[in-house]
Amino acid sequence: MYDSVDKDIITKGHTGSKKTVILSFDDGPGRALPELLDILGKENVRALFFWQSRLLYGERPWKRVIDEGHIIGSHSCKHPNLPSLDYAQQYRELLYSKQKIESITGTPVTYFRPPFGQYNSDTISVAQDLGLSTVMWRIGSMDWELAHDPDQIRKNVVSNLEDGAIILLHELKQTVQILPTLIKEIRAQGYEFALLP
């Protein structure tokens, strides 16, 4: 579980009359994206995708992501540890990422997730100056460490569910492997899937 006392960081979505969670996928667009989209489409689930703009080319299936109702946010350009950069360097990194994603997709970028989940006051200021909301997560699946034990990814998420939680996943083979079961188990606990507004 991740929590932040920083009022400028989003870790949870809207809570209301129905219990909801938000799926988010980092570090794409990658090879696993088409399979993830197939599963999300079959299950009628929308998600947030935080992309490194250096990986985004016109040939990637970005149009499908948008057409199927998902949201694309920035995960920087080259995935640096932003607190190690000064304000101007962070600004260039986020500006380039935002501009590249928007120029290819034609869709405004309004959400940003810092690489490694690392940020400082300059990061928040840069994001705000670029009109970006900084989104972290409430539940970390640890999927990037669990290629040899995918079922633990499911356990990490399901055992920590709470209303409004943003769930951190990645565009990885092991995540594809457990995603259908994960979605079913989340629904079995009475949750629906939502997006940030």
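1. Buried, as used in this note, means under 20% relative accessible area, with exposed over 50% and partly exposed in between (1.4 Å probe, protein chains only). Helices (H or I, at least four residues) and strands (E, at least two) are DSSP runs, numbered from the N terminus.

2. This is a predicted model, in which local features need pLDDT of at least 70 and side-chain atom pairs count only at pLDDT 80 or more, while totals for chains, interfaces and linings use all residues. Residues are numbered from 1 along each chain as its sequence is written, and side-chain values use heavy atoms, with hydrogens and water left out.

3. In helix α5, which spans residues 150-158, the buried residues are Pro150, Ile153, Arg154, Asn156, Val157 and Val158. Their cover includes β7 (139-140), β8 (166-170) and α6 (173-188).

4. Helix α4 (residues 121-129) buries Thr123, Ile124, Val126 and Ala127. Seen down the helix axis, these buried residues fall within an arc of 165 degrees (taken from the directions from the axis to the C-beta atoms), so they line one face of α4. They pack against β1 (9-10), α3 (87-105), β5 (111-112) and β6 (133-135), where contact means heavy atoms within 4.5 Å.

5. At the start of α4, a side-chain oxygen of Asn120 comes to within 3.1 Å of the backbone nitrogen of Asp122. Following α4 is Gly131, with a positive phi near 75 degrees.

Technical notes: Polar contact = N/O pair within 3.5 Å; in protein donor to acceptor, adjacent residues only side chain to side chain.
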